[in-house]
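User: I would like to learn how to read a protein model. Can we take one feature at a time?

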Amino acid sequence: MSNLQDKHIVLGITGSIAAFKGADLASKLTQLGAQVDVILTSAAEKFITPLTLQSVMGHHAYTESDLWGGEAHVLHVGLAKSADLLVITPCTANTIAKLAHGEADNLLTITALAARCPLLIAPAMDGGMFEHPATQENLAKLKERGAYIAGPAEGHLASGLSGVGRLLEVPDLIGHIRFVLGRRGRLADKKVVVSAGGTQEPLDPVRVLTNKSSGKQGYALAQSAIDLGAEVTLITTPTSLTAPIGANVVHVQTASQMLEAVLKESADADALVMAAAVADFRPKRAAGNKMKKRDGIPQIELETTEDILEAVAAQRSRMKRPCVTVGFAAESRDLIQNAGEKLKSKNLDLIVANDISAKDAGFGAETNRVTLLFSSGKQESLPLMSKVDVADAIIERVAALLE
Ligand code: CTP
């Protein structure tokens, strides 16, 4: 469950060709459990109809004509007071100027003036209009007042030119919305470090020794912590996944690079979640050039890698305020016994025991079935869940341990 669940989002859509993305955004936010109210400006109605929005949300979309109806005097105040977040996307240069100067000449700008919730603006306009000092000054003024500006991106613009002014894509907009909603969450002011993916140990310039970790569980953990307002550092090996919006991403490849990054980032962290599948062995020597078939089958000598969590335990013993540390135990047999031993030997607060022999859990799967073992002796078996739900459950336990 994301932090959008049951949140009231007032979504303002203004007159830009990118207004069509507003319909997709309203639909996705609704599917994610948010209660969405849309306000279309008159210019937005030239690009998209209220019926489109009404159809994806299942209820009325507000337009300028509502401002002049019998309920108008309470409409904007009602929307403004109950909103958890006011999002204006796409937001034109004209609306940005109005907001910066406190103008209130339509239902959206009146609502914005009455609102006390956070304001997220996603600008969309021609590159020249975005660069113009007037727009830049207006945006700076809004930022100074606490508004959050998402984008714009660089790329193809409606004018046919290329430049900075393109509205962000919907998944990115959702990422920014989650980031802003999280800021007042349970983990606000806490730094959470998450490691993700499988390490890669070079054999030669083109080959690596790696494992089947997809990184999905680690990336989901990073997003869950952002949803609760944590400052998140995601230490990741190469994966095909997109990092959550708001995460500080540190890219590593090998176990020793991950060790260095984890020790550095966890030194001032409140919590560390080691979801990465770290190599236990690496080639003693990586060949400087590509190994050739004609040279015969190579004899590869392996050596052990450093155990990162053991190094963290040593660092924690020297810290005044040691971070809450969570490990994973990837086991194909004797799950609870092996996980319990790792909990002790790695001096963890919590270990997530993962049966990797099951088809619907562990490496690469969308779902996971885990048992949580706490240093207090408490044990919790969670049913088969999506990796997103498992991540939420783990981050919830981390938040409780920090409280
Ligand atoms: N881990 C680590 N450093 C390593 C290997 C693993 O910090 N060199 C961490 C993993 O990120 C995980 C936990 O230790 O959180 C357990 O990893 P796992 O692969 O299950 O266990 P190992 O320690 O490698 O032990 P074994 O191979 O005997 O199962």
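Analyst: We begin with the domains. This is a predicted model, and the protein in it is divided into domain 1 (8-182) and domain 2 (191-402).

User: How many Å separate the centres of domain 1 and domain 2?

Analyst: Taken over C-alpha atoms, the two centres are 39 Å apart.

User: What is the area buried between domain 1 and domain 2?

Analyst: The general idea comes before the case. The size of an interface is often given as the accessible area lost when the parts come together. Here domain 1 and domain 2 bury about 600 Å² between them, and carbon and sulfur atoms give 59% of that area. On the side of domain 1, the residues that lose the most area to domain 2 are Arg178, Phe179 and Gly182; together they make up 72% of what that side buries. Counted by contact, 6 residues of domain 1 meet 7 residues of domain 2.

User: How many salt bridges and polar contacts are there between domain 1 and domain 2?

Analyst: The count is 1 salt bridge between the two domains. Arginine 178 forms a salt bridge with aspartate 227, and their closest N and O atoms are 2.6 Å apart. For polar contact, the rule finds 2 residue pairs across the interface of domain 1 and domain 2.

User: Next, the cores. Which residues touch the most other members of the largest nonpolar core?

Analyst: Again the general idea leads. In soluble globular proteins, nonpolar side chains tend to be buried together. In this model the largest nonpolar core has 34 residues, and Leu29, Val38, Leu53 and Ile177 touch the most other members. Among the elements that each supply at least two residues of this core are β1 (8-13), α1 (19-31), β2 (35-40) and α10 (170-182). The largest share, 6 residues, comes from α10. A second, separate core has 33 residues, including Leu187, Ile226, Leu372 and Ala399.

User: What does valine 38 touch?

Analyst: Not counting residues up to four places away in sequence, valine 38 touches Leu11, Ile13, Ala26, Leu53, Met57, Ala61 and Tyr62.

User: Why does leucine 113 count as partly exposed?

Analyst: Leucine 113 counts as partly exposed because its relative accessibility is 45%, and that class runs between the cut-offs of 20% and 50%. Leucine 113 lies in helix α7 (residues 107-114). Leaving aside neighbours within four places in sequence, leucine 113 is in contact with Gly102 and Ala104.

User: How far apart are leucine 113 and glutamate 103 in sequence and in space?

Analyst: Leucine 113 and glutamate 103 are 10 residues apart in sequence and 8.0 Å apart in space, C-alpha to C-alpha.

Technical notes: Residues are numbered from 1 along each chain as its sequence is written. This is a predicted model: local features need pLDDT of at least 70, side-chain atom pairs count only at pLDDT 80 or more; totals for chains, interfaces and linings use all residues. Side-chain values use heavy atoms; hydrogens and water are left out. A nonpolar core is a set of buried Ala, Val, Leu, Ile, Met, Phe, Trp, Tyr and Cys residues joined through side-chain atoms within 4.5 Å. Buried means under 20% relative accessible area, exposed over 50%, partly exposed in between (1.4 Å probe, protein chains only). Helices (H or I, at least four residues) and strands (E, at least two) are DSSP runs, numbered from the N terminus. Contact means heavy atoms within 4.5 Å. Domain bounds come from an automatic or database domain assignment. Buried area is the accessible area (1.4 Å probe) that two parts lose on being put together, summed over both. A salt bridge is a side-chain nitrogen of Lys or Arg within 4 Å of a carboxyl oxygen of Asp or Glu. A polar contact is a pair of N or O atoms within 3.5 Å; within protein, one must be able to donate a hydrogen and the other to accept it, and residues adjacent in sequence count only if both atoms are side-chain atoms.
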